[in-house]
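I opened this structure for the first time today. These are my notes on what I looked up.

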Amino acid sequence: MAEAAVIAVPLIGGNKSAADVTRDVAGALDATPSPLWWGGLALSSAALLLGTIAIGYEFATGIGTWGLNRTVGWAFDITNFVFWIGIGHAGTLISAILFLLRQRWRTSVNRAAEAMTLFAVMCAALFPLIHMGRPWLFFWMAPYPNSRGSLWINFRSPLVWDFFAISTYFTISAIFWYVGLIPDLATIRDREPGTRRSKIFGFLSLGWSGSFRTWHRYEVVYLLLAALGTPLVLSVHTIVSMDFATGVVPGWHTTIFPPYFVAGAIFSGMAMVLTLMLVARKTMRLEHYITQRHVDAMCSLVILTSGLVGLAYGTEFFIAYYSGSPYEQFAFYNRATGPLAWGYYIMVVCNVLIPQLYWLGAIRRNLVIVFIISLFINLGMWFERFIIIVASLQRDFLPSAWSDYRPTSIEIATFVGTLGLFFTCFLLFCRFVPVIAIAEIKGVLRPAHGSHPAHDSYSGYSEDISPEHH
Amino acid sequence: MSSRLLVSVFEREDDVVQATTAARKEGLEIVDVYAPYAIHGLDRAMGLPPSRIPWVCFLLGLFGAVTITIFQFWASAVSWPINVGGKPWNSLPAFVPVIFEVTVLCGGVGTVAFFIWYAGLKPGLESPMSDLRVTDDRFALVLRQTGAKFNRSAVEALLKRFHAVRIEERGDIA
């Protein structure tokens with residue numbers, strides 16, 4: 001297959017025309033939902049209901065319903081917060097960073113990945129909100145003139161930085177997603193004039209006419225948002241990591257945390273993108289849009305970030321040994337041999353060893369295995385956060401203060417509820433919003449003008465385009 | 001003076017770009033080009049100047065950065081100084097993360113709001129060329145039929161040379 005390397009494989013299979021793209025993507029919204037979709041929606045909304053009941057109970061009773069104690073003051077909820085925020089990062093990586101890097105394959109997955117970001121950040125934001133104890137006073141986090149003197153928030157606190165980071169991240173992700181949607185909303189508006197959907201989409205499309213004078217400015221705005229989104233996404237998980245790194249707890253107080261957390265976030269998010277896109281591809285018949293090439297590219301990013309995460313695990317252990325600090329050394333000894341060692345090994349196996357299977361082309365071409373591996377990574381990254389948080393807190397400086405932690409049924413139900421929220425939102429998104437960026441796909445149907453073949457060549461395998469057919 | 005428009009429809013991206021280039025070379029007034037996606041190189045063909053929106057973004061981001069820097073200093077060191085771990089009242093390095101976030105927030109939200117206002121987009125607006133499938137797979141070049149140079153049959157011949165599939169006259173768009 002060495003000869004295949006020099007031939008640019010089209011990003012979109014099936015030799016599609018622009019009209020085909022409109023019909024395929026918009027047509028998916030007209031199709032009757034499959035039994036699989038209804039089954040998924042029933043399951044996820046049941047989970048959402050369970051979570052709503054659990055959260056209602058927590059609001060009414062207080063966070064004494066959780067299994068926290070004076071030693072382990074952060075556990076399940078902050079694990080889930082970091083887990084969901086991390087998942088969101090892959091969406092912004094695809095929409096902003098890969099846009100700046102001119103990775104044209106991103107167009108097939110960016111709409112769905114950005115939606116995933118929004119839903120994941122919504123799930124994440126719930127946890128600190130509940131953890132406040134009196135969530136109805138959440139607005140005390142904002143610096144507004146108040147009757148308490150004006151008592152201002154403490155701008156030196158990483159938790160305040162986090163509030164600013166998460167709210168900015170959600171706002172920018174939402175408008176980035178909406179700006180990307182405007183031309184597609186207009187396409188659907190014009191496709192079926194007079195229908196109720198046409199009227200709603202017409203309202204939301206702000207009278208988009210396809211005018212190139214507007215397109216010209218639109219492209220600049222999109223580029224600016226990508227340029228702002230790129231450092232933003234890196235800053236968000238950096239600040240999340242500072243929630244830990246600015247504390248003095250052994251196992252948290254390390255300078256490696258920002259890059260380690262950012263790499264882990266992109267790693268877990270890419271795994272979630274693979275999980276969702278492989279399902280969407282199959283159930284919504286998008287095989288021509290999400291091809292082997294897209295799966296290969298995402299698997300490569302998973303391998304890269306898995307390597308970074310593995311390097312961070314090793315570095316943490318080395319620095320603990322090299323620091324000469326007995327507390328730091330004990331924290332890592334405890335991780336690998338203490339009461340949560342089983343979780344530590346789940347994390348290492350799922351995050352460092354299993355993803356290495358993606359090196360093999362035969363594995364990448366078997367999408368069922370790719371899907372299963374992505375689930376293992378999701379699991380492993382959840383355990384990473386759990387181990388960092390709980391294994392560090394449970395045995396800190398004074399042995400007399402050591403404690404154990406066990407999640408209560410309420411905490412588990414809350415987490416299941418956020419899974420329900422996430423998948424319910426995603427299934428509704430697949431049903432009511434074009435899952436593929438129609439206008440962007442039309443722009444990449446043909447090879448880029450003036451691009452050197454080397455920039456767009458793909459050395460993978462393709463069933464429908466091979467050297468013999470040329 | 002007539003302000004009628006001549007609308008020509010094309011099926012291929014290359015045709016509309018070349019027709020636009022040719023029309024501009026002939027000195028015809030190009031009102032606009034309608035396309036289902038952003039065509040690269042069409043801005044040069046139409047002779048559009050580079051957008052000044054990056055400056056708007058920069059100024060809004062700068063505004064956000066300066067405002068929040070002053071506010072954090074005032075809230076932490078002037079309005080109600082509170083001793084947190086013996087840190088100085090004006091702990092500038094600790095203010096940096098929030099400065100960054102507010103810069104991005106102001107720059108991003110402000111740029112999009114400015115774009116929507118400046119491009120004249122608003123809910124309920126009629127889209128003038130929708131019936132020509134310009135949001136699906138066609139491209140429309142819109143010329144103004146004015147000026148001494150405007151010779152209808154010569155212009156139509158030029159457009160036909162680039163495979164215009166449909167040429168029609170329309171009233172001026174708002």
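**Notes on chains A and B**

I began with the domains of chain B: the C-alpha centres of domain 1 and domain 2 of chain B lie 45 Å apart. The domain assignment gives chain B domain 1 (5–50 + 132–170) and domain 2 (53–118); such bounds come from an automatic or database domain assignment.

I noted the ground rules. This is a predicted model, in which local features need pLDDT of at least 70 and side-chain atom pairs count only at pLDDT 80 or more, while totals for chains, interfaces and linings use all residues. Residues are numbered from 1 along each chain as its sequence is written, and chains are lettered from A and ligands numbered from 1 in the order in which they are written.

**Where the chains meet**

I looked up the contact between the chains, and 56 residues of chain B and 51 residues of chain A take part (in contact: C-beta atoms, placed from the backbone, within 7 Å). On the side of chain B that touches chain A, strand S2 (29–34), helix H2 (42–46), helix H3 (53–79) and helix H4 (92–118) of chain B each give two or more residues. Helices (H or I, at least four residues) and strands (E, at least two) are DSSP runs, numbered from the N terminus. H4(B) gives the largest share of that side, 16 residues.

**The core**

Of its 180 residues, Met116(A), Met270(A), Val273(A), Val390(A) and Ala140(B) touch the most other members. Helix H8 (residues 257–283) of chain A supplies the largest share, 16 residues. Domain 1 and domain 2 of chain B both give residues to this core, so the core lies between them. I then checked Val390(A): leaving out residues up to four places away in sequence, Val390(A) touches Val72(A), Ala75(A), Leu340(A) and Tyr405(A).

**One residue**

I ended with Val82(A), in helix H3 (residues 76–100) of chain A. Is Val82(A) buried or exposed? Val82(A) is buried, because 28 other C-beta atoms lie within 10 Å (buried: 20 or more; exposed: 12 or fewer; partly exposed in between; C-beta atoms placed from the backbone). Not counting residues up to four places away in sequence, Val82(A) touches Val240(A) and Arg385(A). Val82(A) and Met381(A) are 299 residues apart in sequence and 9.7 Å apart in space, C-alpha to C-alpha.

Key
Contact = placed C-beta atoms within 7 Å. Core = buried A, V, L, I, M, F, W, Y, C linked by C-beta atoms within 7 Å.
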